[in-house]
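Me: I would like to learn how to read a few features of a protein model, one after another. Please give the general idea each time and then the case at hand.

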Amino acid sequence: MLLVFLPNCKMIFWGEQTVNLTPVLAFVGYSNTGKTTLIERLIVSLKERGIRVAAVKHDAHEFDIDCKGKDSWRFSQAGAVAAMISSPTKSALVIHQELSLTQVLSLLPDVDLILVEGYKAEPLTKIGVCRPSIGKSLPLDSDQCLAVITDDKNMPISVPCFGFEELPAITEFILQNMEHISQL
């Protein structure tokens, strides 16, 4: 077995296994329940508190990120397995294959918290997101969630329940529960 620890990185590579030492919190819910907007607002709120956040979105369908005609797109069209573009302010990598969540997380820089949208089948700590008012229930049993964000706070559940407008309370709840959040 090979053990490698990289400086400025909270990743441990053990043989072919990668272990992430950063908390990873998944937000799970059906489409159009407000997961992306909630995560976006949480990133701002957590950043205001000095927390460095990365975000990962799982897409069960095909998505397009390269712009037709741009150099990185042209590299991909020519047959490159991966195409990367880098500038003084940002970088992007397009790999033409599905990656496991562990592989995706291994590509992230050193952060304090990773917020994930989706990956409901992965063994992650989850916050359920639902909107019963428009017929969007939880996609899993509430007992499998650390908390639930909903538009119906009278739901009969045994975990903490927050409304979408309670961003400061949700942020505080996440910060207070960091040690209970999955570390892959």
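Me: At what angle do α1 and helix α4 pack?

Reply: Helices and strands here are DSSP runs, numbered from the N terminus (H or I with at least four residues for helices, E with at least two for strands), and axes are lines fitted to C-alpha atoms, for helices over the stretch in contact, with angles running from 0 to 180 degrees between N-to-C directions. In this predicted model, α1 and helix α4 (residues 167–176) pack at about 70°, their axes lying 10 Å apart. The two are therefore roughly perpendicular, a class that covers 65 to 115 degrees, whereas angles under 35 count as roughly parallel, over 145 as roughly antiparallel and the rest as oblique.

Me: Which residues of α1 and α4 meet?

Reply: Contact means heavy atoms within 4.5 Å. From α1, Leu-38, Arg-41, Leu-42, Ser-45 and Leu-46 take part, and they meet Leu-167, Ile-170, Thr-171, Ile-174 and Leu-175 of α4.

Me: What do I need to know about the numbering and the confidence limits?

Reply: Residues are numbered from 1 along each chain as its sequence is written. As the model is predicted, local features need pLDDT of at least 70 and side-chain atom pairs count only at pLDDT 80 or more, while totals for chains, interfaces and linings use all residues; side-chain values use heavy atoms, with hydrogens and water left out.

Me: How many salt bridges does the structure hold, and which residues are joined into one network?

Reply: A salt bridge is a side-chain nitrogen of Lys or Arg within 4 Å of a carboxyl oxygen of Asp or Glu, and the structure holds six. Arg-52 pairs with Asp-110 at 4.0 Å, N to O; Arg-52 lies in the loop between α1 and β5 (53–57) and Asp-110 in the loop between α3 (101–106) and β8, so this pair ties together parts 58 residues apart in sequence. Arg-52 also meets Asp-112, at 3.0 Å from N to O, which links parts of the chain 60 residues apart. Another bridge joins Glu-166 to Lys-153, with the closest N and O atoms 2.9 Å apart. Through shared partners, Arg-52, Asp-110 and Asp-112 form one network.
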